[in-house]
Amino acid sequence: MHRVTLTQYLIEQQRNYGKVSPELRLLIEIIARACKAISHAVSKGPLAGVGDAVGTHNVQGEAQKKLDVIANEVLVEANEWGGHLAAMMSEEMATPYTIPHRYPKGGFLLVMDPLDGSSNLDVNISVGTIFSVLRCPEGVTEPDEKAFLQPGVKQVAAGFAVYGAATILVLTVGNGVVGFTLDREMGSFLMTQERIVIPEDTQEFAINASNARNWEPPVKRYIDECLAGKTGPRGKDFNMRWVASMVADVYRILSRGGIFMYPRDAKYNDGRLRLMYEANPMSFIVEQAGGAATNGRQRILEIQPRALHQRVGVILGSKNEVECVTRYHLQA
Ligand code: F6P
């Protein structure tokens, strides 16, 4: 069976829709190549000590695993020399990484979470890489933090890789969402989902229920109504899933629908997930797949970031459910 490769897809997007310039194609192909290298490293598991702590902490105060550091290095090294980027930032770096002077500079900014869900590494559960691409503001030659502080609606591309039983790459360049699976023998990403669409309705929710005592009333109301099942106000039974790897939870929602919530609560006043490299790319992808993404009160993609590592409450997935939780927040 002939399958479309990532390169073919990107060239067709350029030819047919003018969506992907050669510079953006290079950027996405380099990220895909880096994801292959990370996938290979993840698959070595305990043989390579992937889940071992390295004794350092990232800017969020989270203990870094060996593979957090490796994944960040792989992405930085792969992306610094190609001439397509002006700067990059990552969960693992306190400040933006500007392209060294020995390399040419390009017009894009890359924002990334090199290894999302890395607390799952020790237990052989899926982890992933999330990325978001912004344009470097006009006239800025040495991009600092300010250059990155653009709302999610400004993203030109976003995607993520899930390193699970198969390695899957999900991508949007603003023209729908496609999924590729890594063919390990060929070494290429082949299209396996041509147009991902999230069903508007769902009977599956994902939330870390151990935080229930800290939830705000609208979230508590929504989950209580789901738990009440057929005889409750929603009139249907719900199922629950929580992988605790955002990449895996969002991939499930893209595949069969569902709602994912890491809302702001009494413990995480600003939410737990990061706006720039988790919430924004995932919200762009989810909206492009026909779903919705809010912080309970506002569309995530319209939030003006104030800081690189800012956190935000996240409610995303099947449109009708996200709208229901958002309505409960606005009524409260
Ligand atoms: O931000 C990292 C992350 O691991 C996400 O991938 C995931 O959704 C969440 O944190 C899991 O949080 P918790 O440990 O509260 O289940």
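Mentor: The chain is assigned two domains, domain 1 (6–193) and domain 2 (204–331), with bounds that come from an automatic or database domain assignment. Their centres, taken over C-alpha atoms, are 24 Å apart. The contact between them takes 48 residues from domain 1 and 33 residues from domain 2, where contact means heavy atoms within 4.5 Å.

A word on the source: this is a predicted model, in which local features need pLDDT of at least 70 and side-chain atom pairs count only at pLDDT 80 or more, while totals for chains, interfaces and linings use all residues. Residues are numbered from 1 along each chain as its sequence is written, and side-chain values use heavy atoms, with hydrogens and water left out.

Now to your pocket. Rolling a probe the size of a water molecule over the atoms shows where empty space is left. Here the search runs on a 1 Å grid over the protein atoms alone: a cavity is a set of points where a 1.4 Å probe fits but cannot get out, a pocket is an open set with protein on both sides within 12 Å along at least five of seven lines, and lining residues have an atom within 4 Å of a point. Grid points are joined across faces, edges and corners, and a volume is the space filled by probe spheres set on the points.

The largest pocket has a volume of about 440 Å³. It is lined by 25 residues, and Glu62, Gly117, Ser118, Ser119 and Arg272 are the closest to its centre. Each of the two domains, domain 1 and domain 2, supplies at least three residues of this lining. At least two lining residues come from each of strand E2 (63–65), strand E5 (108–116), strand E13 (259–262) and strand E14 (273–274); helices (H or I, at least four residues) and strands (E, at least two) are DSSP runs, numbered from the N terminus. By type, the lining has ten charged, eight nonpolar and seven polar residues, with Ala, Val, Leu, Ile, Met, Phe, Trp, Tyr, Cys and Pro counted as nonpolar, Asp, Glu, Lys and Arg as charged, and the others, Gly among them, as polar.

For comparison, the second largest pocket has a volume of about 300 Å³. Its 20 lining residues include Val42, Ser43, Gly45, Leu121 and Asn124, which lie nearest its centre. Helix H2 (residues 22–43) gives the largest share of that lining, three residues. The lining here divides into nine polar, eight nonpolar and three charged residues.

Asn124 is exposed, with a relative accessible area of 74% (buried is under 20%, exposed over 50%, partly exposed in between, with a 1.4 Å probe and protein chains only).

E6 and helix H7 (275–288) are the elements that give two or more residues to its lining, which divides into five polar, three nonpolar and no charged residues.
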